[in-house]
Amino acid sequence: MILALVNQKGGVAKTTTAVNLAAGLARAKKKVLLVDLDPQGNASSGLGIDKNELTHTIYHGLIGEVDGEACRLVAVRDHLDVMPANIDLAAAEQDLGESVEGALSLKKCLAPFESTYDFILIDCPPSLGLLTINALIAADGLLVPIQCEYYALEGLSQLMETVKQVQASANPDLHIFGIVMTMYDGRMRLAKQVVEEVKNAFGQAVFKTLIPRNVRLSEAPSYGQTIFEYDRLSKGAWTYKALAKEVIARVKE
Ligand code: ADP
Ligand code: MG
């Protein structure tokens, strides 16, 4: 199952969810590949990968300089492999834009690994540019993190429009796998309203697990640790574990 974590808004917890869901799934003994598709490389550094010391990253795989194997770091954690990224990836949109096949690069790069993994998670950049299009074409489903804040739904119609275009062309089976509500604060009436609003718009797609606002989640990446390593008793760890369970159950359905 290839899942793209998308939302063209920045700061909604795509990367936090990609890293900690990947770790949660790996701890549940699922074989996981995390693909960092953001030139900021936060998913890579969040796992303690020294992203500026890498000879090959996902960028080199995308432009066809090397195959997927060469840009894959194996056993970054138990059951967890990573295709890391760094600022090199910023050139990809321009490089790939020059060929008609440019939007299919990630799909090609991941094709040999589809049966190797239970889950391939793609952490997308905060835009609907060519990198995100590559992710939408490569993916079976979308995982959309939404921050429990004002204007939570803003931009989602544009995202759904892009999804429709990809469905109509390169990937007819693309679907919304799930919506994750993040940075939830139960004391705020607004947060509850946002969850209701998103449930009205997306129904069953919304996961029951709400990821709370939890400072431990924001601290962990600076230590290069997942939440399970940094503070496994935190609310953040419990809820990402619950989310992983829900994701596994949803695949079985
Ligand atoms: P995105 O990848 O969508 O841009 P990030 O995962 O980088 O978003 O999250 C944006 C910021 O919010 C980061 O500083 C991150 O540490 C913080 N953050 C994410 N989720 C939570 C949470 N549940 N509680 C507190 N801070 C969070
Ligand atoms: Mg990010």
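Which residue in S8 does tyrosine 184 stand opposite? Tyrosine 184 faces proline 212. Let us see where that pair sits. This is a predicted model, in which local features need pLDDT of at least 70 and side-chain atom pairs count only at pLDDT 80 or more, while totals for chains, interfaces and linings use all residues. Residues are numbered from 1 along each chain as its sequence is written, and chains are lettered from A and ligands numbered from 1 in the order in which they are written.

Helices (H or I, at least four residues) and strands (E, at least two) are DSSP runs, numbered from the N terminus. Strands S7 and S8 (residues 206–212) run parallel and are joined by three bridges; two strands pair if DSSP finds at least two bridges between them. Together with helix H8 (residues 189–202), S7 and S8 form a right-handed β-α-β unit. Right-handed says that, with the strands pointing away from the viewer, the path from the first strand over the helix to the second runs clockwise.

Now look at ligand 1. It is surrounded by 16 residues, a residue being near if its C-beta atom, placed from the backbone, lies within 6 Å. Among the closest are Ala13 and Ser218. Helix H1 (14–27) gives the most to this shell, with three residues.

Most residues other than glycine have a negative phi. Alanine 13 counts as buried because it has 21 C-beta neighbours inside 10 Å; the cut-off for buried is 20 or more other C-beta atoms within 10 Å, with exposed at 12 or fewer and partly exposed in between, C-beta atoms being placed from the backbone.
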